[in-house]
Amino acid sequence: MSNPNTSSPILSAASAEPVVTTTDPIPAPGNRIPTPAAAPPDILRCAYMEIVVTDLAASRKFYVDVLDLVVTEEDENTVYLRSFEEFIHHNLVLRQGPVAAVAAFSYRVRSPEDLDRAVAFYTELGCRVERRAEGYVKGIGDSVRVEDPLGFPYEFFYDVEHVERLAWRYDLYTPGALVRLDHFNQVTPDVPRAVAYMEDLGFRVTEDIQDEAGTTYAAWMRRKPTVHDTAMTGGDGPRMHHVAFATHEKHNIIAICDKLGALRMSDVIERGPGRHGVSNAFYLYIRDPDGHRIEVYTQDYYTGDPDNPVVTWDVHDNQRRDWWGNAVVPSWYTDASLVLDLDGNPKPVVSRTDDSELEVTIGADGFSYTRKGDEAQGFKLGNTL
């Protein structure tokens, strides 16, 4: 979707809650990354994430014994995991290493030829590009990895090893079964700049958060026909905010909470359960032994039509992040995982210079609202600080 917006903020004091438009509402950046002449790869979906963990045994116990992801394959340094409805080799790779970080945000493309397009696209952008015909991990063939213009390690692949899809194995299902990888969430200092680049890569905005001055705090972007395959969240970056797995129903999320309580692991619950305003999804955020954030997610909506409307939320609307108006804990805004370059070294983190969503909402002493224009004071965090 093109971005015709140049300077006029979409929100005003009289705006509806939220604002729904038929064009991209995010102001075009003045410092945009140049659009390559080369065509982008045709991305199908977010497919897997490779993360580095500092204690492989502890991480395996968390993801397999607690979250019930399925082990496809493992060795002394790596565990390959998948959700119940996945038919490719894995959705998540845990790799032993010295520093907890993300090694790859990996996307599947439509054809082998799209790997050539990825090489041309990122070479024109001046990015570091590497390709391995044998792949970087087990179960994945010919792959391209890049350090993208935002500093993130992206991977593109087509060739995969198929494994048993466990969708019909109800004898294996647990009450909190994770069925699909749904999305990534990335932290980056300049959201409009990130959005323009991702649109050049073929992504489309479905929802975003702004203020009346036109500052963009976050944007949700998709390739598959759901709310997002990745989101760009404003903050110090490049970092990984979370990786999200879907369940079938919200009661599966409640079951996960009950299980964590029974195991005396309630301290890993960072936020939720709750209902998002943005995306409309039911959610839970938890932290693994290294602090990597996982969202468990369900019940968002279809976005696949070419004229799918875009939803813009006011950053001061208490219901944008939680439909019930519940507080967002500060760690959700401040904490995120480092990302690695192609040599395995942590990428330097650049500070955000635009306004912080944490500061203008949680630290706003009543500046946020439940009903725009309503001066009544309630019990939400912004009204009680």
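## The largest pocket

By class, the lining of the largest pocket splits into nine nonpolar, five polar and nine charged residues. Here Ala, Val, Leu, Ile, Met, Phe, Trp, Tyr, Cys and Pro count as nonpolar, Asp, Glu, Lys and Arg as charged, and the others, Gly among them, as polar. Keep in mind that this is a predicted model, where local features need pLDDT of at least 70, side-chain atom pairs count only at pLDDT 80 or more, and totals for chains, interfaces and linings use all residues. Residues are numbered from 1 along each chain as its sequence is written, and side-chain values use heavy atoms, with hydrogens and water left out.

The volume of this largest pocket is about 330 Å³. Of its 23 lining residues, Glu 85, Arg 180, Leu 181, Asp 182 and Lys 224 are the closest to the centre. A pocket is an open set of points on a 1 Å grid over the protein atoms alone, with protein on both sides within 12 Å along at least five of seven lines, while a cavity is a set where a 1.4 Å probe fits but cannot get out; lining residues have an atom within 4 Å of a point. Grid points are joined across faces, edges and corners, and a volume is the space filled by probe spheres set on the points. Strand 2 (43-53), strand 10 (180-188) and strand 17 (293-298) each give the lining at least two residues. Strands (E, at least two residues) and helices (H or I, at least four) are DSSP runs, numbered from the N terminus.

## The second largest pocket

Next comes a pocket of about 270 Å³. It has 16 lining residues, with Glu 50, Arg 95, Arg 132, Tyr 136 and Arg 145 nearest its centre.

Strand 10 and strand 17 each supply at least two lining residues here.

## Met 198

Met 198 sits in helix 3 (residues 191-200). It counts as buried (under 20% relative accessible area with a 1.4 Å probe, protein chains only; over 50% is exposed, in between partly exposed) because its relative accessibility is 0%. Leaving aside residues up to four places away in sequence, Met 198 touches Tyr 154, Phe 203, Met 221, Thr 230 and Met 232, where contact means heavy atoms within 4.5 Å.
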